[in-house]
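Here is a short report on a single protein chain. The sequence and model come first, then the details.

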Amino acid sequence: MVIFYPGMLPAGVLIDADFTPPPAPVVIAPKPLGPPAPIWFSTRDADSLEFTSASRVTGWAACAPSTARARPVGFNKDGTGWDAASQSLDFVEKTHGGLCVADAISDGRCFSLGLIYTPPPKRDAQTLLSLQAREDESYAFLSAESGFIRFGLKGGEASLHLPDPQRLTLLLLSSDGQRVRMSANRDLAISVACALPAAPLDLFLGCRGGSRSLLGKLGSFQASDLLIWPDQDVLAGEVARAPEAALSLWQERLRNGN
């Protein structure tokens with residue numbers, strides 16, 4: 001049927017009889033980022049947690065295929081707190097709820113680790129985690145105090161300080177045998193000359209080693225994810241910030257409110 005129009009049509013309206021529309025654009029789905037780290041502890045994995053009858057955590061297993069496991073340290077007699085609303089481990093000020101991942105770091109000269117945690121409003125989280133070689137009285141630690149996140153050594157001079165975001169945070173620490181690096185969220189890493197022990201390191205979450213209670217250095221915070229990259233310094237290089245898979249996990253926790 002022919003339609004007659006008495007006016008003028010704008011250019012491009014008329015189409016030739018042999019016009020072939022262009023093909024629809026092909027949408028390529030982004031590749032899945034995969035696990036955020038080779039060893040990943042997640043409180044969102046319900047099967048990874050062991051509870052007492054009083055809902056205290058007495059074991060935390062890494063996601064498969066890793067067989068790593070966190071157990072209460074000796075001073076943690078009742079298990080670690082659990083916050084059901086946020087589905088997170090709940091560390092309480094001046095209460096020992098420390099967990100230990102034995103031999104979490106195979107060699108202190110090269111590794112990376114990350115922690116996603118939420119500090120309490122208007123209070124310091126204090127000791128977040130520590131690293132210690134067996135039979136060694138010294139240890140390295142990460143602590144949030146007085147508006148800063150600090151890396152330090154017991155009795156040592158090496159130290160790093162970052163402004164504390166004071167909200168849900170992805171905190172990373174790495175070592176290449178000569179320098180230790182630290183970053184928070186999307187920020188570029190800072191570093192200091194520091195050689196950690198050339199030996200396996202135990203990782204202590206929520207406490208400073210396993211030989212003393214040090215209740216005065218324990219604050220309150222909630223933790224949902226612990227990430228470990230054995231034998232990798234993920235903060236090395238010119239663009240030294242958290243890997244995309246770890247950042248994606250942190251952003252997911254932000255979207256979900258914890």
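How many bridges join strand β11 (residues 148-153) to β12? Five bridges do, and the two strands run antiparallel. Strands pair if DSSP finds at least two bridges between them.

This is a predicted model: local features need pLDDT of at least 70, side-chain atom pairs count only at pLDDT 80 or more, and totals for chains, interfaces and linings use all residues. Residues are numbered from 1 along each chain as its sequence is written, and side-chain values use heavy atoms, with hydrogens and water left out.

Both strands belong to an open sheet of nine strands, ordered β2-β3-β4-β7-β16-β9-β10-β11-β12 with antiparallel pairing. The twist averages 20° from one strand to the next; axes are lines fitted to C-alpha atoms, and angles run from 0 to 180 degrees between N-to-C directions.

Chain totals follow.

| Property of the protein chain | Value |
|---|---|
| Buried residues (under 20% relative accessible area, 1.4 Å probe, protein chains only) | 46% of 258 residues |
| Accessible surface (Shrake-Rupley, 1.4 Å probe) | about 13,800 Å² |
| Share of that surface on carbon and sulfur atoms | 54% |

The secondary structure comes to one helix and 17 strands. Helices (H or I, at least four residues) and strands (E, at least two) are DSSP runs, numbered from the N terminus.

Leu113 sits in strand β8 (residues 111-118). Leu113 is buried, at 0% relative accessible area. Beyond four places away in sequence, Leu113 touches residues including Ile105, Leu171 and Trp229; contact means heavy atoms within 4.5 Å. Leu113 and Leu171 lie 58 residues apart in sequence and 8.4 Å apart in space, C-alpha to C-alpha.

Terms used
Buried means under 20% relative accessible area, exposed over 50%, partly exposed in between (1.4 Å probe, protein chains only).
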